[in-house]
Amino acid sequence: MASSMRGLRTALARLRLLPVRVNEARADALRDWAQDLEKTAKELAPVRKGTLRDSIEAKVNASSGKAWVQIAPGKARKYAYYVEKGTSKMADQPFLGPAAQIHRRTGERAMQRAARRRLGRW
């Protein structure tokens with residue numbers, strides 16, 4: 001009887017931890033996905049001096065469940081728009097759009113890996 005109560009307490013304790021572990025897995029997945037997207041965008045960005053490439057950064061807000069890649073504030077931000085979309089004197093050289101397209105489905109795989117890491121230890 002005592003061993004079954006101990007097993008029940010252990011199971012209840014693990015169930016109480018489940019939301020925490022799921023949130024940790026989600027945060028891990030968002031971070032992994034954003035870093036992969038950042039890496040691809042940097043690889044696709046045209047490089048002359050490297051300022052544009054170096055200003056690409058991944059951001060994650062784990063509490064809201066959002067992740068994105070942005071151009072750091074400064075001169076490169078406006079320049080990035082013109083590179084991505086082109087101008088009347090310069091052809092477009094998209095890099096953020098194609099990177100997002102490449103990684104549009106990789107978030108699910110990142111979540112599966114993170115869930116195995118965080119929840120697989122049970």
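## Terms and basis

A residue is called buried under 20% relative accessible area, exposed over 50% and partly exposed in between, with a 1.4 Å probe and protein chains only. The model is predicted, so that local features need pLDDT of at least 70 and side-chain atom pairs count only at pLDDT 80 or more, whereas totals for chains, interfaces and linings use all residues. Residues are numbered from 1 along each chain as its sequence is written, and side-chain values use heavy atoms, with hydrogens and water left out.

## Gly97

Gly97 is partly exposed, at a relative accessible area of 35%, and belongs to helix H4 (residues 96-102); helices (H or I, at least four residues) and strands (E, at least two) are DSSP runs numbered from the N terminus. Gly97 lies 12 Å from Glu38 in space, C-alpha to C-alpha, although the two are 59 residues apart in sequence.

## The two sides of H5

Thr106, Ala110 and Ala114 are buried in H5. They cover an arc of only 70° around the axis, which puts them on the same side of H5; the arc is that of the directions from the helix axis to the C-beta atoms. The exposed residues Glu108 and Arg116 are carried on the face of H5 turned away from its buried side.

## The largest nonpolar core

A nonpolar core is a set of buried Ala, Val, Leu, Ile, Met, Phe, Trp, Tyr and Cys residues joined through side-chain atoms within 4.5 Å. The largest has 20 residues, of which Trp33, Leu52, Ile56, Ile71 and Phe95 touch the most other members. Helix H1 (2-44), strand E2 (66-71), helix H3 (75-85) and H5 each give two or more residues to this core, and H1 gives the most, with seven.
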